[in-house]
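I opened this entry to keep track of what I looked up. The notes follow the order in which I checked things.

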Amino acid sequence: MPKPPIPNAGFNVVKHLGAGGKYVVQNLNPLEVVREYVSFLKTASEQKSERERIAAKRDVAVKLIESEKEIILEYFKARFAERKEALQGLFDILHQAVETKNEHAMDTALGGILGIVKDSPLKDFDSFRKARADNKILEI
Amino acid sequence: MVLGGLVVGPAILVASFFAHAKAGDIENKVERHISEMDIDEANKWKLVGALDAVLARVAELKETTLKVQSELEHLLSISTPDTEEDAYMVAKVAVSLGQLLEVAILDKEGKIV
């Protein structure tokens with residue numbers, strides 16, 4: 001007939017609890033159990049709060065990063081669209097100038113093209129970001 | 001057996017408190033690691049956004065250079081080598097093309113210029 005599992009389970013519990021556990025088991029009384037239970041509830045509650053704090057902090061950080069990314073994308077989209085339009089106008093002038101061999105118009109067009117291309121697309125980024133943070137509409 | 005049960009029952013209960021507390025600590029560590037990974041992921045996507053800007057800048061420079069090159073080729077095809085004005089215009093467009101090729105996209109730190 002197989003032995004009942006309970007004594008083995010008790011042995012395993014004591015073994016896993018280690019020296020401290022043996023002490024607890026030897027001195028167990030209902031009040032101790034209740035005290036341990038209350039202490040456990042407190043610890044569990046603190047751990048849950050800590051997890052919620054970590055998750056909330058993470059959510060804030062991720063939102064902030066995503067918001068910064070949105071600002072970068074929005075800024076560059078508008079900036080490059082504006083530059084493309086300006087460059088297209090100058091290329092039309094350059095093309096006409098080459099066709100008609102108009103030196104002055106060609107100088108103007110080339111100067112404008114070089115000016116735009118050499119100009120950093122990041123130039124107004126800080127003011128754009130600040131204006132966006134203040135909910136102001138800014139023409140870039 | 002009854003006596004064994006009387007000792008083991010509360011012992012299992014107390015042991016489960018210890019186990020729960022330990023599991024809770026591990027759960028917190030896992031939560032912290034997940035949180036760090038989420039933040040890292042968000043930062044990587046932000047970097048991808050910045051790389052898109054660099055690509056747009058490269059595309060702008062490429063398009064501009066090709067268009068100026070095309071205008072230079074067209075100018076060469078309609079110019080007469082003996083005419084001083086034509087030579088000046090060709091030189092002017094060629095110099096501009098050279099300047100376009102020298103425009104930097106990133107600085108030494110890898111930031112968009």
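Does K101(A) count as buried, exposed or partly exposed? I counted C-beta neighbours: K101(A) has 15 of them inside 10 Å, so K101(A) counts as partly exposed. The cut-offs are 20 or more other C-beta atoms within 10 Å for buried, 12 or fewer for exposed, and partly exposed in between, with C-beta atoms placed from the backbone.

**Ground rules.** I am working on a predicted model, in which local features need pLDDT of at least 70, side-chain atom pairs count only at pLDDT 80 or more, and totals for chains, interfaces and linings use all residues. Residues are numbered from 1 along each chain as its sequence is written, while chains are lettered from A and ligands numbered from 1 in the order in which they are written.

**Chain A, overview.** I found four helices and zero strands in chain A, and the order from the N terminus is α-α-α-α. Helices here are DSSP runs of H or I with at least four residues, strands are runs of E with at least two, and both are numbered from the N terminus. Of the 140 residues in chain A, 12% are buried. I also looked at contacts in chain A between residues at least 6 apart in sequence, and 38% of them join residues at least 24 apart. Two residues are in contact if their C-beta atoms, placed from the backbone, lie within 7 Å.

**Helix α2(A).** I noted 71 residues in α2(A) and a reach of 104 Å from first C-alpha to last, close to the 105 Å expected at 1.5 Å a residue. The expected span is 1.5 Å times one less than the number of residues. The buried residues I listed in α2(A) include I72(A), Y75(A), F76(A) and R79(A). A97(A), also in helix α2 of chain A, counts as buried because it has 22 C-beta neighbours inside 10 Å. Leaving out residues up to four places away in sequence, I found A97(A) touching N102(A), A105(A), M106(A) and A109(A). A97(A) and T108(A) are 11 residues apart in sequence, and their C-alpha atoms are 9.5 Å apart.

D92(A) is in the helix α2 of chain A too. D92(A) is exposed, with 11 other C-beta atoms within 10 Å. From D92(A) to A109(A) I read 17 residues in sequence and 8.6 Å in space, C-alpha to C-alpha.

**Back to K101(A).** I placed K101(A) in the loop between α2 (30–100) and α3 of chain A. Its phi is near 55 degrees, a positive value in a residue other than glycine. Most residues other than glycine have a negative phi.

**Helix α3(A).** This helix covers residues 103–118, has 16 residues and reaches 22 Å from its first C-alpha to its last, close to the expected 22 Å. Which residues of α3(A) are buried? I listed M106(A), A109(A), L110(A), I113(A) and V117(A). Seen down the axis of α3(A), the buried residues fall within an arc of 95 degrees, so they line one face of the helix. The arc is that of the directions from the helix axis to the C-beta atoms. On the face turned away from the buried side of α3(A), I found the exposed residues H104(A), G111(A) and G115(A).

**Chain B.** I counted two helices and zero strands in chain B. Buried residues are 12% of its 113 residues. In contact with 53 residues of chain A are 51 residues of chain B. The largest share of that side of chain B, 40 residues, comes from α1(B). I sorted the residues of this side into 27 nonpolar, 12 polar and 12 charged. Ala, Val, Leu, Ile, Met, Phe, Trp, Tyr, Cys and Pro count as nonpolar, Asp, Glu, Lys and Arg as charged, and the others, Gly among them, as polar.

**α3(A) against α2(B).** The two helices pack at an angle of about 5 degrees, with their axes 10 Å apart. Axes are lines fitted to C-alpha atoms, for helices over the stretch in contact, and angles run from 0 to 180 degrees between N-to-C directions. α3(A) and α2(B) are therefore roughly parallel to each other. Angles under 35 degrees count as roughly parallel. Among the contact residues I noted M106(A), L110(A) and V117(A) of α3(A), and M89(B), V93(B) and L100(B) of α2(B). The contact of α3(A) with α2(B) divides into seven nonpolar, two polar and four charged residues.

Key:
Angles under 35 degrees count as roughly parallel, over 145 as roughly antiparallel, 65 to 115 as roughly perpendicular and the rest as oblique.
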